[in-house]
Amino acid sequence: MSANVNLDETLSNEGRQHLDLSGYRVTDTNAGYFDVDARMALLEQTDNTMLLQLSDQYSMGPSCRQKTSSQPITTRGAIPGFYPSPAAWEQATRPLFAFEDSVSDLAGAFVASGDIYYGECLVHYLYRWAEAEALTDFVYDPAQPQAWFASESMLFAAAMAYSIVRPSIDSLEEEQSVIEQWLQRLAQEHSAVPGVAQQSCCNNHLYRRALYASMIGVLVEDDDLFRFGVGAIYSALHDMTEEGALPLEVNRGRRAIHYQNYALSYLIPNMQIIHRQGYDIFDLEVADSTIHEGVDYLFQILDDPEALGNYAPREQYTGFLRDPQYFTWMEMYLSHFDHEDMESLLSRMRPTYSRSAGGPVTLYFMDPDAQEHFYMDEQRQETDAFHGLDN
């Protein structure tokens, strides 16, 4: 533990319960996390080469018959921890990731093609899972929490994808009612588990739970779930150091930089959902901290790990730098704010895709003036974009 990180000062579950969030409520159940109609109109008119290629790629959507014939996961199943057993973890989570890819790809196909067939297919797909009461046996076990962790991303993958197509569906009311009740029940049960003090209660796993809570809260007009999502933003800003570090993330030793970024991967999409409900959440200041300081601190330590000071070792894990899914949040951030270093980094990572936290986010968010072509030199991609990390 770093001498500069005082975990006793982070906001506990109990402290979060005392936040007055009564001013936050769901205002538009169809707002989703971006303006789908406006984006589809832009994609029809754009001459941006990258967006056109992505539109063509996603327009050739997956087979609906194949997707809807897959079997929902109705048994609990143990999942080994990632760090001690990465190969076993990958094998156990493969069907879970297949679910996340399926819902994200169907939503992407709908946006790219404008074909309601893909939107209705997504509803039919989720209905099969809801009718089978899938995921309801993912009971929390403190000794083996991976199944609980895995269900987090399945929930926000489903909710974010569904939010894209729902406003356009007008003939599947019964199926949609079953889906929404299923999502709400799962979100309520899952978020009721407090997690481990000074760990999963309040770190990136809180931000992950908050992401599905905000999105599902919006979909079903559940103000309590929505406020749970908002509360995680307050918690993160409360905990943030003067430099912008998230103490429960930079406390991860050689993975300090990875987890500072990982936390932002869920905080920013959550803020985007809250913003779509009409709140100036990106300007929120708590204990003299804003999200922008956390973003700037990430780029400071990306460029120079020495800036971690006493928080963590200089020899930082850099494997995440080769995976575009960890940078989708930046596309959302840049839709609101200018950030030269972020734009430079993202230009080397596009197109970004997250199977759970947003799908083909470049397709949904990139400004057509930002970039025309893919960055093709894979050998230089990492060294050019992350020259401060040479480990």
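The legends below describe close-up views of side-chain contacts in a predicted model.

View 1. With 110° about the S-S bond, the link is right-handed, and both Cys64 and Cys121 are buried.

**View 2. Cys201 and Cys202 are joined by a disulfide.** Here the S to S distance is 2.2 Å, and the torsion about the S-S bond is about -100°, so this disulfide is left-handed. Cys201 is buried, as is Cys202. When the bonded cysteines of the protein are numbered in sequence order, the pairing reads 1-2, 3-4.

**View 3. Arg166 and Glu180 form a salt bridge.** The contact, given from N to O, is 3.1 Å, and it links distant parts of the chain, with Arg166 in the loop between α7 (146–165) and α8 (173–191), and Glu180 in helix α8, 14 residues apart. Arg166 is buried because its relative accessible area is 9%, and Glu180 also counts as buried, its relative accessibility being 17%, given that the limit for a buried residue is under 20%. In the whole structure, the count comes to 7 salt bridges.

**View 4. Arg350 takes part in salt bridges with Glu331 and with Glu343.** The N to O distance is 2.7 Å for the pair of Arg350 and Glu331, and 2.8 Å for the pair of Glu343 and Arg350. Arg350 lies in the loop between α15 (340–349) and α16 (361–365), whereas Glu331 lies in helix α14 (residues 328–334), 19 residues apart, so that this pair links distant parts of the chain. Arg350 is buried, with a relative accessible area of 4%, and Glu331 is buried at 1%, whereas Glu343, with a relative accessible area of 24%, is partly exposed.

**View 5. Arg208 belongs to a salt-bridge network and also sits over an aromatic ring.** The network of salt bridges links Glu152, Arg208 and Arg209. The charged end of Arg208 is placed over the ring of Tyr266, 5.2 Å from the ring centre, and Tyr266 is itself a member of an aromatic cluster.

**View 6. Eight named residues make up one aromatic cluster.** The cluster is formed by Phe156, Tyr259, Tyr262, Tyr266, Tyr317, Phe320, Tyr326 and Phe327. Over the ring of one member, Tyr317, sits the charged end of Arg255, at 4.0 Å from the ring centre.

**View 7. Tyr333 and Phe337 form a tilted aromatic pair.** A search of the whole structure finds 23 aromatic pairs. In the pair shown, the ring centres of Tyr333 and Phe337 are 5.0 Å apart and the ring planes meet at 40°, so the arrangement is classed as tilted. Tyr333 is buried, with a relative accessible area of 4%, whereas Phe337, at 21% relative accessibility, counts as partly exposed.

Terms used
Residues are numbered from 1 along each chain as its sequence is written. This is a predicted model: local features need pLDDT of at least 70, side-chain atom pairs count only at pLDDT 80 or more; totals for chains, interfaces and linings use all residues. Side-chain values use heavy atoms; hydrogens and water are left out. Rings of Phe, Tyr and Trp (its six-membered ring) pair if their centres lie within 6.5 Å; planes under 30 degrees apart count as stacked, over 60 as edge-to-face and the rest as tilted. Buried means under 20% relative accessible area, exposed over 50%, partly exposed in between (1.4 Å probe, protein chains only). A charge sits over a ring if NZ of Lys or CZ of Arg is within 6 Å of the ring centre and within 35 degrees of the ring normal. A disulfide is a pair of cysteine sulfur atoms within 2.5 Å. A salt bridge is a side-chain nitrogen of Lys or Arg within 4 Å of a carboxyl oxygen of Asp or Glu. Helices (H or I, at least four residues) and strands (E, at least two) are DSSP runs, numbered from the N terminus.
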